[in-house]
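Subject: Structure for you to look at

Hello,

Here is the structure I said I would pass on. Please open it next to this message and follow along; my notes come after it.

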Amino acid sequence: MAMAAQALLHQQWLCFSSNPISTTTTRPWLPARTTTLTFFQIHKKLISCSSSSSSTSQSPEANTETAESCVNLGLQLFSKGRVKDALVQFETALNLDPNPIEAQAALYNKACCHAYRGEGSKAADCLRTCLREYNLKFGTILNDPDLASFRALPEYKELQEEARIGGEDIGYSFRRDLKLISEVQAPFRGVRRFFYVAFSAAAGISTFFTVPRLFRAISGGDGAPDLLETAGNVAINVGGFTVLVALFLWENKKEEEQLAQISRDESLSRLPLQLSTNRVVELVQLRDTVRPVILAGKKETVNSSMQQAARFRTDLLLRGVLLVPVIFGEVRAPKIEKKGFGTSSKAAAALPSIGEDFEKRTQSITAKSKLKAEIRFKAEVVSPEEWESWIRDQQKSEGVTPGEDVYIILRLDGRVRRSGKGMPDWQQILQELPPVEALLSKLER
């Protein structure tokens, strides 16, 4: 099992976690078979390491202190709730001349420790190093539930924006993944930009040769070209060059806006909900099943809109509407308990991330029949701070004052369909949304 996981991950480390559903069993260590590190998959790319001692029953304390043994010991300490001691072990591992895999393991788990301790700046620094030097996928940070508290902090927003823009300080992997999705959504943008560059170059070269002719026409004399004709040619060339450059810059601006929206959509897909059966899922697991309608604002406004929606409950359910109320400023304690890093393997299978191919994304949403049975008319947000942070970012992008009452309607594929100030007109929504089983809904998936 260990060797199969190692081949699958291509030396990508995964984060250790006990099963968040069961409190009576823990995830076993892998038996060591070689002197190299082995891995098992809990989440897509979060980190874990196995002991490389010759005996599977030998404790890490008995081994010679190495970077690997310190990481293993740190993971064990963290699984027991000793976060401070685990942090010391990860820091020690970084001081023992670790190889790249060990350094990635220590840094990422160190970031998770800082996140648990509310140290957002330190967690961001560790993750930034992982992204820059160890090719950590940003989707890992999006997927990891142990970083949920970090994702609600300003430091996460700064890190996400840096990763979206790309650069030497953080790497370009996240930006490349976003651009791949952008090219799928706007497949002819590259072709348009090619023609803009080619035609603007042609206009620029033509202008280079016609400007001297214009000077000769203005000077007059024998053999001078016609002034009006030459001036007209220069005007056409300059005008064409200006328009083409403006179109090229406009395409670049639209691409950046699209990349920012894709990044926000990906963050939205990781936000957790609690269904009526108390089952906690991420929004991505509801894709192709429901159309979430997010109602965000003051408690009185949101409750009033919920009461109005209840009058059309049957018709809204036929259209797959799932109400998600978000009360600004309301803080609730999380209703789920998690130990350690990452999530269970079953949960991980349901969490596609940026950069995965289409087949993996379509296969990642499991147990749809069970979800359909559990979905009712309303779901509760599990991490209000994270939801509110995302909504405020969306408001800024739409030019809405953060904190205003807003609604956001999502498509079946999880993207934002439309949004607006105040609360929605439910009769208009009934006219706008086709039933889930209708042909138009199938095209929306």
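**Strands β6 and β7**

Strand β7 covers residues 416-421, and it pairs with β6 in the antiparallel sense over five bridges. Before going further, please keep in mind that this is a predicted model.

The two strands make a hairpin, with five residues between them. In the turn, G414 has a positive phi of about 95 degrees. For a point to find on screen, take Y407: its bridge partner in β7 is G420.

Is β6 mostly covered or mostly open? Strand β6 runs over residues 406-410 and is mostly covered, with five of its five residues buried. As background, side chains in a regular strand alternate between the two faces of the sheet. In β6, V406, I408 and L410 lie on one side, while Y407 and I409 lie on the other. All of these are buried, so both faces of the strand are covered.

How many of the seven residues of β4 are buried? In this strand, residues 321-327, seven of seven are buried, and the strand is mostly covered. V321, L323, P325 and I327 point one way from β4. L322, V324 and V326 point the other way, and these are buried too.

**An open sheet of three strands**

Three further strands form an open sheet in the order β2-β1-β5, with antiparallel pairing. The edge strands are β2 (280-282) and β5 (380-381), each of which pairs on one side only. Strand β1, residues 272-274, is joined to β2 by three bridges. Within that pairing, Q274 has V280 of β2 as its bridge partner.

**Helix α8**

Helix α8 has twelve residues, 154-165. From its first C-alpha to its last it reaches 17 Å, close to the 16 Å expected at 1.5 Å a residue.

Which residues of α8 are buried? They are Y156, K157, L159, Q160, A163 and R164. These residues cover an arc of only 165 degrees around the axis, which puts them on the same side of α8. What covers them includes α5 (120-133), α6 (138-143), α7 (148-151), α9 (173-185), α11 (227-269) and α17 (384-397). Just after the helix, G166 takes a positive phi of about 80 degrees.

**Aromatic rings**

A pair of aromatic rings is described by the distance of the centres and the angle of the planes. The count of aromatic pairs in this model comes to six. The rings of F194 and F195 have their centres 5.5 Å apart and their planes at 70 degrees, so this pair is edge-to-face. F194 counts as exposed, because its relative accessibility is 56% and the cut-off for exposed is over 50%. F195 has a relative accessibility of 40% and therefore counts as partly exposed.

Ring pairs also link F138, F150 and Y156 into a cluster. Y156 is one of the buried residues of α8 listed above.

A charged residue meets a ring elsewhere: R392 lies over the face of F328, at 5.1 Å from the ring centre.

**Two buried residues in helices**

R189 lies in helix α10, residues 189-219. Is R189 buried or exposed? Its relative accessible area is 9%, and buried means under 20%, so R189 is buried. Leaving aside neighbours within four places in sequence, R189 is in contact with S182, E251, K254, E255 and Q258.

C112 is in helix α4, residues 100-116. With a relative accessible area of 0%, C112 is buried. C112 and I141 are 29 residues apart in sequence, and their C-alpha atoms are 9.9 Å apart in space.

Regards

Technical notes. Residues are numbered from 1 along each chain as its sequence is written. Side-chain values use heavy atoms; hydrogens and water are left out. Buried means under 20% relative accessible area, exposed over 50%, partly exposed in between (1.4 Å probe, protein chains only). Helices (H or I, at least four residues) and strands (E, at least two) are DSSP runs, numbered from the N terminus. Two strands pair if DSSP finds at least two bridges between them. Rings of Phe, Tyr and Trp (its six-membered ring) pair if their centres lie within 6.5 Å; planes under 30 degrees apart count as stacked, over 60 as edge-to-face and the rest as tilted. A charge sits over a ring if NZ of Lys or CZ of Arg is within 6 Å of the ring centre and within 35 degrees of the ring normal. The expected span of a helix is 1.5 Å times one less than its number of residues. The arc is that of the directions from the helix axis to the C-beta atoms. Contact means heavy atoms within 4.5 Å.
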